[in-house]
Amino acid sequence: MFDTMGTTVSLNVAGALPNASTLMGVEEAFADIDRRFSLYRDDSELSRIARGELPLTRADVEVRQSYADALDWARLTGDAFTPHRPDGVIDLSGLVKATAIARAGRVLETAGEVNWLINAGGDILLSGESNAGGGREPWRLAIIDPQDRQGLLCLLDVTGSRSALATSGTAERGEHVWRASGDHRRDGHRPDERLPFVQVSVLAHDIVTADVLATAILAGGPERCDDVLDRFDVDVLTVDGRGELTASPGFRRAAGLLTA
């Protein structure tokens, strides 16, 4: 377990721990991304770009590619996901943590590890099976109740190729996601009106897709959720301002206790 990028990262492995070199590689995957992309570090490339000291065209190729990828995601989500702050500053925080998780996963795969789980602030990438109870079982994940941080919305057993879970919400960090529609500022909702979401969890084949779409649905609201489920091969669990849940069929199956 280690702290990086403003969050805590933990690694669970079914069986013997990886060797020291592999563990260092996992940690370095996050550290390298943080050095390049953090807007909380004065020496990062994105901070230098934000201050006007470094033109984007002269930034490292990885920074330019990440920005291009973020623009693609903006197009695919109707700008519900955006690589820009309202003041125009390039902010890739909605993309780079997932990128670091994916890179750490590749470190483990390259080292021959099969059964593992990386949890970075509630965003999870896993492989294989756990050894809970002394045998091989699916990894069991918990999703926190945004209205009671000590409680759970559900547990879900992850099997098959959907090996990534990302959750975006307002319970811990407040309204940190820019909602282009401004829905979170509206008052006087009608009883039948679809409220903005306070938490969104997305189960996907890869962590970048899961993380980006969780942010896009939180920002874009129910209509964006409908669009995502129509166009992407993912499952979604949402919680709105009244605490009401909606879940796609695949999410209901994975979380056997969920009835919403």
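Predicted model: local features only at pLDDT ≥ 70, side-chain atom pairs only at ≥ 80, totals over all residues.
Local features were taken where pLDDT is at least 70 and side-chain atom pairs only at pLDDT 80 or more, whereas totals for chains, interfaces and linings use all residues. Residues are numbered from 1 along each chain as its sequence is written, and side-chain values rest on heavy atoms, with hydrogens and water left out.

Helices (H or I, at least four residues) and strands (E, at least two) are DSSP runs numbered from the N terminus. At the start of α1, the backbone nitrogen of Ser-21 has a side-chain oxygen of Asn-19 within 3.2 Å. The buried residues of the helix (under 20% relative accessible area; exposed is over 50% and partly exposed in between, with a 1.4 Å probe and protein chains only) include Val-26, Ala-29, Phe-30, Ile-33 and Phe-37, together with the acidic residues Asp-32 and Asp-34. The elements against which the buried residues of α1 pack are β1 (2-4), β2 (7-13), α2 (45-50), α3 (61-76), α4 (93-110) and β3 (116-120).

A nonpolar core is a set of buried Ala, Val, Leu, Ile, Met, Phe, Trp, Tyr and Cys residues joined through side-chain atoms within 4.5 Å. The largest such core holds 52 residues, of which Phe-30, Val-202 and Ile-207 touch the most other members; its largest share, 11 residues, is supplied by helix α5 (residues 207-231). A separate core of 18 residues includes Ile-124, Trp-139, Leu-156 and Phe-251. Beyond its neighbours within four places in sequence, Phe-30 has contacts (heavy atoms within 4.5 Å) with residues including Phe-2, Val-9, Ile-101 and Ile-118.

Salt bridges, defined as a side-chain nitrogen of Lys or Arg within 4 Å of a carboxyl oxygen of Asp or Glu, number 18. In one of them, the closest N and O atoms of Asp-32 and Arg-103 are 2.9 Å apart; because Asp-32 belongs to helix α1 and Arg-103 to helix α4, the pair ties together parts 71 residues apart in sequence. Asp-32 is buried at 15% relative accessible area, while Arg-103 is partly exposed at 22%. Asp-34, also buried at 14%, forms a salt bridge with Arg-41 at an N to O distance of 3.5 Å, and Arg-41 in turn meets Asp-43 at 3.3 Å.

How values were computed:
Polar contact = N/O pair within 3.5 Å; in protein donor to acceptor, adjacent residues only side chain to side chain.
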